[in-house]
Amino acid sequence: MPISINGTGTITGISAGGLPDACITADDIASGAVTSAKLASGAVGSSGISDGSITYGKLSTSGTESDNVKKRTAVAFCVANNGGTLQSGGFGFSSVTDGGTGLLQLNFNFTASTNAVAVATNHASGAMGGIERTGLTTGAVTFQSRNSGGNAQDTNISCIVFSE
Amino acid sequence: MKKIIYQTDLGVAVVTPAPWCEISIEQVAQKDVPAGVPYSIVDALLVPEDRTFRAAWEKSPSGIIINPDKAKAIWKDKWRAARNPILASLDIEFMKAVEAGDSAKQAEIAAHKQALRDVTQTEISGNSPDEIKAVWPQVLGEKQ
């Protein structure tokens, strides 16, 4: 087809293969012109995704069980010392409340769902009776640790929380 | 470093912000202290490191104080815990003395057991945590 420059300001007769390689640069593409519908299936591979670009907010909350990614992702983790402090490296908590011997309340920095799950284990080397989860709200989870005699006892705990 | 303290039914609660927390301690207090409960923001140095008398902590205008009466009760509970295995051991020794018909030994053990039962009547005169912890009746053996 011959190339025609029309009086209306349009050019016809140009096919994709008719353009020299690399003649269309990113600057020539209108902002917002490339939509997801124009991408071929599988066009963006994992190498095309920037490191750190997929955030928690982009994970699926699909009602279809097998598609719900957030359900399988921890929203909070911490190691709490028996003195009522949190070790570095955790996330998802704003603070810890030392409520008494062996009584630690871990306060979320988000609003958990009403069916959230929180579990903890202790770091004690001596005889521990266990850790009881005494409370779980949308704002915090509380654990009471006891010794083998059933009495309250301080201990370090690790806690992990799942919530949609 | 600052901490938040407030009174609870169990004593005093101490709130420590997470190392990664990006909001101010005032905002943590607003969020993590129960609504309507008065609280204070204090220097972390005003919170005792020794947790022996944790259940005796009370909130004061200057930070946290240790209630001496509660601390003494806690310390005497440690005495009770320390004497229990000794009493159990003496029960066995007493039965052996009964089987052997050794009345002198029985009397000696009975006196030892009575001294253990009376141990909680021992006076603790001091009121500071160190003074309270310094009192450990000899009948209880090595300090625990």
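Predicted model: local features only at pLDDT ≥ 70, side-chain atom pairs only at ≥ 80, totals over all residues.
Residues are numbered from 1 along each chain, chains are lettered from A in the order written, and side-chain values use heavy atoms without hydrogens or water.

A:Ser113 sits in the loop connecting strand 5 (103-108) to strand 6 (117-122) of chain A, strands being DSSP runs of E of at least two residues. Its side chain makes a polar contact of 2.7 Å with that of A:Asn115 (N or O atoms within 3.5 Å, one able to donate a hydrogen and the other to accept it). Beyond neighbours within four places in sequence, A:Ser113 is in contact with A:Thr138, A:Ser163 and A:Glu164, contact meaning heavy atoms within 4.5 Å.

Between the chains, 28 residues of chain A are in contact with 20 residues of chain B. The two chains bury about 1,500 Å² between them, with 48% of it on carbon and sulfur atoms; this buried area is the accessible area (1.4 Å probe) lost on being put together, summed over both parts. On the chain A side, A:Ser94, A:Thr97 and A:Asp98 lose the most area to chain B, together 30% of what that side buries.

Definitions and conventions: Helix = DSSP H or I, 4+ residues; strand = E, 2+ residues; numbered from the N terminus.
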